[in-house]
Amino acid sequence: WAQGTEKLLVYLVDHGQRDRFRMSATEYLEADELDAWYDELQNVPVDQRPIITTLIDTCEAGSFIDNLR
């Protein structure tokens with residue numbers, strides 16, 4: 001979904017809960033889902049991987065860290 005880019009900024013700002021981010025009133029992005037997307041990006045040769053910067057500005061944002069390692 002972002003292959004072919006040199007740099008990728010993912011900025012999540014809204015309401016959060018432990019290991020999840022509210023995308024809309026009825027939809028959430030789970031930390032494991034975000035990790036799976038990142039794993040997909042990392043499954044290419046090193047010289048083709050984008051530099052990923054992630055900013056999470058929510059309550060419980062720190063709970064994402066262990067999932068994204």
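Helices are DSSP runs of H or I with at least four residues, strands are DSSP runs of E with at least two, and both are numbered from the N terminus. With that in hand, let's start.

This is a predicted model: local features need pLDDT of at least 70, side-chain atom pairs count only at pLDDT 80 or more, and totals for chains, interfaces and linings use all residues. Residues are numbered from 1 along each chain as its sequence is written, and side-chain values use heavy atoms, with hydrogens and water left out.

Confidence comes next. pLDDT is the predictor's confidence in each residue, from 0 to 100. The protein chain has a mean of 89. In that chain, 96% of residues reach 70 or more. Helix 1 has the lowest confidence, with a mean of 91. Strand 4 has the highest, at 95.

Now the sheet. Two strands pair if DSSP finds at least two bridges between them. Strands of a sheet pair through backbone hydrogen bonds, either parallel or antiparallel. Here, three strands make an open sheet, in the order 2-3-4, with antiparallel pairing. Strand 2 and strand 4 are the edges, each pairing on one side only. Between strand 3 and strand 4 there are three bridges.

Next, strand 1, residues 7-13. Strand 1 pairs with strand 5 in the parallel sense, over seven bridges. Y11 stands opposite L55 in strand 5. Which side chains of strand 1 are buried? L8, V10 and L12 are, and they point to one face. Buried means under 20% relative accessible area, exposed over 50%, and partly exposed in between, using a 1.4 Å probe and protein chains only.

On to the charged pairs. A salt bridge is a side-chain nitrogen of Lys or Arg within 4 Å of a carboxyl oxygen of Asp or Glu. How many salt bridges does a search of the whole structure find? Three.

Take R20 and E30 again. Their side chains meet in a salt bridge, at 3.3 Å from N to O. The pair links distant parts of the chain, ten residues apart: R20 sits in strand 3, E30 in strand 4, residues 28-30. R20 is partly exposed at 25% relative accessibility. E30 is partly exposed too, at 30%.

D14 and R22 form another, with the closest N and O atoms 3.4 Å apart. D14 is partly exposed, at 34%. R22 also counts as partly exposed, at 26%.

Then R18 and E60, at 4.0 Å from N to O. What does this pair tie together? R18 lies in the loop between strand 2 (16-17) and strand 3 (20-22), and E60 lies in the segment after strand 5 (51-57), so the pair joins parts that are 42 residues apart in sequence. R18 is exposed, at 55%. E60 is partly exposed, at 44%.

Last stop: D35. Where is D35 found? In helix 1, residues 31-42. Is D35 buried or exposed? D35 is buried, with a relative accessible area of 15%. Contact means heavy atoms within 4.5 Å. Leaving out residues up to four places away in sequence, D35 touches N67, L68 and R69.
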